[in-house]
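Subject: Handing over the two-chain structure

Hi,

Here is the structure I promised to pass on to you. Have a look at it first, and then read my notes below.

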Amino acid sequence: MPDQADERADAEGVTDVDPDAEESTGSFAFFSLTGDRFDAPGMPADTAKEVGFFREAVLSVARQLWLDANPGRSRVPAGFAEAFDLRLTAVHEGSAVPQLHLNKSQKISDQDWEEFVRFFRSAVNVIADGVNEAVEAQGDVTSDEPEHAPDSVPVDKTSSVGVLKTPAVVASLRKLGSTLDETESIILGSPLKSGPRVTLDHHARVILNPKLDELGATQSEQVSVEGVIVEYDGSTQSFRLEMLSGNAICKLAKDEVALALVARDNLAVDGISAADVVVVGETNNPAARNLQIFSVHSIDVVRSFAEKRLIAQLEQISALEEQWLGPDSEKPSKDTVERVRSLLPTLALLDVPVQVVPNSEGAIVLEARRGILELSVAVEPNGEMFMCSDNVETNDLEEAQVDFDGGRLEQFLKTGGLA
Amino acid sequence: MNAPNPQSAIIADVDEMLFRQVHPTQFPDGQISSEAFKPSVRDKDMLSTLREHVGPEEAYRRWTEDKGFKSVGTYAVTVEEVTNEELRAIDDAAEMGEPDHASIDFTQIDGKGKKKQAGRMLRDAAAARGCLHRPQ
């Protein structure tokens with residue numbers, strides 16, 4: 001933690017200390033948000049994500065710098081991203097100055113730490129230098145097509161701008177300042193006063209992202225949507241989510257390897273047969289019918305496909321009319337339907353598929369095949385249940401008529417035993 | 001054993017098929033439930049079918065169009081498969097007031113489990129034979 005003198009210096013944006021002093025305070029970078037909103041103590045909660053965008057941009061640039069420094073390598077070393085444990089430890093005034101410190105995990109060796117931190121610190125300087133250079137050149141530093149960049153903007157990787165032109169870096173830089181309005185800015189760069197810093201005002205942000213104005217929205221917000229993943233593109237780390245109304249094109253946050261596996265594992269190859277998932281990410285237009293979601297950082301299965309299948313079967317049953325199978329047939333009561341519905345999440349977890357069917361006496365029958373045993377439980381409208389185990393090889397039968405007991409029912413379908 | 005109604009007669013031709021319609025809710029995931037071949041107490045343990053000469057397509061039409069019920073298609077069991085399970089196939093068209101109606105009589109079967117098992121046996125036979133008429 002910085003001492004009081006350093007805190008004052010940081011608050012004033014004057015961190016002109018020698019490198020050794022910087023190491024001792026642990027201050028990683030200068031980062032300041034300016035504008036009316038930032039005059040009050042602390043910082044608006046909805047702009048805290050700018051720190052996250054900054055972290056993402058630094059990591060993205062650091063990765064590219066490491067790859068450039070290690071020709072022939074296509075990946076950074078294991079633990080590289082995890083080592084970049086940037087902590088927001090306080091927010092000083094003047095305007096809002098989040099204090100950013102790099103935390104060293106015990107898991108990382110001293111040797112790796114020293115190497116990685118060199119790249120992390122260089123990345124901050126590269127961002128500051130590169131964006132300054134591009135703004136001065138009025139160039140589109142983050143064009144997706146470098147060959148179309150103005151002549152004044154060098155594209156070789158030895159220049160700061162060159163590094164910033166890689167697609168992954170472009171994507172991360174475009175988020176910086178996306179929650180700010182036109183009168184607000186970010187100043188970021190070296191923690192040293194003598195080091196490079198850049199002011200990301202609206203003008204600079206438009207240069208970073210020429211489509212910013214066209215989007216008509218400078219603020220992204222977090223959204224959470226539910227649906228089925230119906231397409232997955234590993235090359236772009238993105239997927240299409242089909243929702244009850246509309247679609248969402250979702251792009252994973254960087255380095256979300258585990259999340260990419262979750263997306264792939266829950267892909268409905270046929271467009272239907274997969275779990276329902278809830279996806280959390282950022283969007284610039286949450287009201288759109290077809291959403292564009294970026295920085296997806298969470299995919300949670302909320303309903304397995306097995307459970308969805310059971311729910312669909314039960315919904316069909318609950319929609320039955322009286323006399324659905326002839327003059328004397330009875331539809332299951334609401335109580336019976338709800339009694340069965342409460343069992344579905346557990347039944348969906350069984351190692352054998354369960355089927356839900358009605359009978360003409362108003363019961364709902366749960367059926368499963370466990371080896372040579374055909375198991376069934378009729379949940380009856382009188383509050384009882386009839387359990388039956390039918391050995392299809394020997395025709396031996398075990399049966400019991402008992403009061404409804406959800407736990408016993410589940411145990412029976414799980415084991416095949418009536419006891 | 002209960003005697004059939006005087007107006008009814010046991011069907012003797014063991015090779016004759018009896019057509020049964022299967023409701024969509026008793027066909028989960030494309031598998032026929034044994035419930036589709038088990039009568040209810042309200043049906044007096046008699047499972048409704050139509051006789052073979054009707055034809056599977058016409059049997060489907062009568063069930064869905066004339067009576068307005070739902071079906072995924074026409075399945076069948078033979079009289080022999082019925083009698084193998086100690087059940088009886090009965091021509092009860094006159095008693096039911098429905099041309100070509102036949103019932104599979106479960107009244108001799110004691111106990112819910114035994115009835116469920118007999119329904120399973122008939123279901124297995126019908127499923128092995130396959131759907132004889134499925135709507136387009």
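How many bridges join strand S12 (residues 364-370) of chain A to S13(A), and in which sense do the strands run? There are seven bridges, and the two strands run antiparallel. Please keep in mind throughout that this is a predicted model.

**The hairpins around S13(A)**

Let me stay with that pair for a moment. Within it, A:Ile364 stands opposite A:Val379 of S13(A). The hairpin that S12(A) and S13(A) form has two residues between the strands, and A:Gly371 in this hairpin takes a positive phi near 65°.

S13(A) also pairs with strand S14 (residues 384-391) of chain A, again in the antiparallel sense and over seven bridges. Here A:Ser376 has A:Cys388 in S14(A) as its bridge partner. S13(A) and S14(A) make a hairpin too, with four residues between them. In that turn, A:Gly383 has a positive phi of about 90°.

A:Thr336 sits in helix H12 of chain A. Is A:Thr336 buried or exposed? With a relative accessible area of 0%, A:Thr336 is buried, because anything under 20% counts as such. Apart from neighbours within four places in sequence, A:Thr336 is in contact with A:Gly362, A:Ile364, A:Val379, A:Glu380 and A:Pro381.

**H11(A) against H12(A)**

H12 also has a helix to pack with. The axes of helix H11 (residues 305-318) and helix H12 (residues 334-341), both of chain A, come within 11 Å and cross at roughly 180°. H11(A) is therefore roughly antiparallel to H12(A). On the H11(A) side the contact is made by A:Leu314, A:Glu315 and A:Ser318, and on the H12(A) side by A:Val337, A:Val340 and A:Arg341. By type, the residues of this contact divide into three nonpolar, one polar and two charged.

**The barrel in chain A**

Elsewhere in chain A, five strands form a closed barrel in the order S6-S7-S8-S10-S9, with mixed pairing. On average, neighbouring strands of this sheet are turned by 55° against each other, direction ignored. One of the parallel pairings joins strand S8 (residues 247-252) to strand S10 (residues 291-303) through four bridges. In that pairing, A:Ala248 has A:Leu291 of S10(A) as its bridge partner.

Which strands does helix H10 (residues 257-265) of chain A lie across? They are S6 (221-233), S7 (238-242), S8 and S10 of chain A, and the helix runs at about 65° to S10(A).

**Two backbone angles to look at**

Most residues other than glycine have a negative phi.

- A:Gln323 has a positive phi near 60° and is not a glycine. This residue is found in the loop between H11 and H12 of chain A, and at 47% relative accessibility it counts as partly exposed.
- B:Glu86 has a positive phi of about 60°, although it is not a glycine either. B:Glu86 is found in the loop between helix H2 (79-84) and strand S5 (88-91) of chain B, and it is exposed, with a relative accessible area of 65%.

**The chains overall**

Chain A holds 14 helices and 15 strands. Of its 419 residues, 51% count as buried. The accessible surface of chain A comes to about 19,500 Å², and carbon and sulfur atoms account for 49% of that. Among contacts in chain A between residues at least 6 apart in sequence, 59% join residues at least 24 apart.

Chain B has four helices and six strands, which follow the pattern β-β-β-α-β-α-β-α-β-α along the sequence. Of the 136 residues in chain B, 56% are buried. Chain B exposes about 6,300 Å², with 48% supplied by carbon and sulfur atoms. For contacts in chain B between residues at least 6 apart in sequence, 74% join residues at least 24 apart.

Methods: Residues numbered from 1 in each chain as written. Chains lettered and ligands numbered in written order. Predicted model: local features only at pLDDT ≥ 70, side-chain atom pairs only at ≥ 80, totals over all residues. Heavy atoms only, no water. Axes fitted to C-alpha atoms, helices over the stretch in contact; angles between N-to-C directions. Parallel < 35°, antiparallel > 145°, perpendicular 65-115°, else oblique. Contact = heavy atoms within 4.5 Å. Nonpolar A, V, L, I, M, F, W, Y, C, P; charged D, E, K, R; others polar. Buried < 20%, exposed > 50% of the residue type's maximum accessible area, 1.4 Å probe, protein only. Areas by Shrake-Rupley, 256 points an atom, 1.4 Å probe, with all protein chains shown as cover. Pairing = 2+ DSSP bridges.
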